[in-house]
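Hello,

Here is the structure I said I would pass on. My notes on it follow below.

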Amino acid sequence: MERTSLHPSERGNIRLSFEYFPPKNEEMETQLFQTVADLASFAPAFQTVTYGAGGSTKARSLTTVRRMIGEMGFRNTAAHMTCVGAPRSEVDAVVEEFLACGVHHFVALRGDPQGGVGSAYQPFPGGYENAAALVKALRARGDFEISVSAYPEKHPESRDAAADIDMLKRKVDNGATRAITQFFFDNDHFERYLDQVRRAGIDVPIVPGILPINNLSQVMKFAGLCGSTVPDAITSRLAHLDDQPAERFREASHIAAEQIVDLVRRGVRDFHIYTMNRSPLVAAVCELLGYVRSPVKAEERAVDESIKTAAG
Ligand code: FAD
């Protein structure tokens, strides 16, 4: 039987972070902010808000980040920023807006090609040519945290794993302080990747992206697009549970908790959880790991009046 719980001494050294995406409508907005408030009781080291390639979620990402920092008081909120499909001036202006919201941590990304995943990437005329160029510009702008992407199973556009690690090195050489991985389910992929990354002289934390599986067929489709594999050992645990939501939920929470416990055994201490803006499954994973909800600390809640005012 796989272990799902961490020893208290292990838990004390672990940092969780949570990822959210900006809501598309009022109902999703309510759900998002309830989720953020709920998961804050697990004291994440930081939380991030995604940004649509080509600025497609610009206003919604800004509003979400502004509310999480300015109204909810979560100053540990990081803003994703993509540079595909936009001139430098537009990207720089959005960065300024995030800074005015109180952001001090960016997740700097290129973004998918404008023709969609699988189409050829073309740098935008007068734009940042890739994530490494964006990192360089952000680093020149200030002394904040910069996280970037990493791909244990290789990015679909990459020629090979070496080209991928070479790109990661360029991003770190330009000032990135952490890499967060694409989701994966086979920890051996991550361990092999981490070995290669360290051998390439990259020494920033490489934080595994963990995706608790709310919906297996959706995850398999998404995995196919982004080059992640879903091992048979996982599909066979979930595929027959389509009509048994309670059992499916239990199994999915165990799968994610087991993955984290195994990574802790392999020496990993930081975990970034893709929440899909829903708290029950993520909360169940945290509870299996042995986390107990704690009241959100006063300083995390301290609303910055200047930001709130700027938010209107
Ligand atoms: P890069 O790091 O610049 O490149 C990724 C890899 O692709 C490189 O390792 C390189 O080997 C290869 N590559 C890049 N350009 C080329 C080229 N021209 N030819 C051949 N190979 C090339 N997307 C969003 O739209 N919004 C988000 O908020 C967002 N957040 C993400 C967060 C994380 C943690 C991760 C892992 C991904 C996220 N993505 C997001 C997805 C990401 O934008 C896509 O994977 C995109 O295709 C690549 O962006 P990048 O920053 O990883 O690119």
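The radius of gyration used here is taken over C-alpha atoms, and the globule rule is 2.2 Å times the number of residues to the power 0.38. For 312 residues that rule gives a compact globule a radius near 20 Å, and the protein has 19 Å, which agrees. Its C-alpha trace spans about 55 × 45 × 40 Å along the principal axes.

The model is predicted: local features need pLDDT of at least 70 and side-chain atom pairs count only at pLDDT 80 or more, while totals for chains, interfaces and linings use all residues. Residues are numbered from 1 along each chain as its sequence is written.

There are 13 helices and eight strands (DSSP runs numbered from the N terminus; helices are H or I with at least four residues, strands are E with at least two).

Of the 312 residues, 40% are buried (20 or more other C-beta atoms within 10 Å of the residue's own, with C-beta atoms placed from the backbone). The largest nonpolar core has 80 residues, and Val65, Ala79, Met81, Phe106, Ala108 and Val135 have the most contacts inside it (such a core is a set of buried Ala, Val, Leu, Ile, Met, Phe, Trp, Tyr and Cys residues joined through C-beta atoms within 7 Å). Helix H11 (residues 280-289) gives the most to this core, with six residues.

The ligand is surrounded by 24 residues, the closest being Thr50, His80, Ser149, His155 and Met167 (C-beta atom, placed from the backbone, within 6 Å). H6 gives the most to this shell, with three residues.

Regards

Technical notes. A residue is buried if 20 or more other C-beta atoms lie within 10 Å of its own, exposed if 12 or fewer, and partly exposed in between; C-beta atoms are placed from the backbone.
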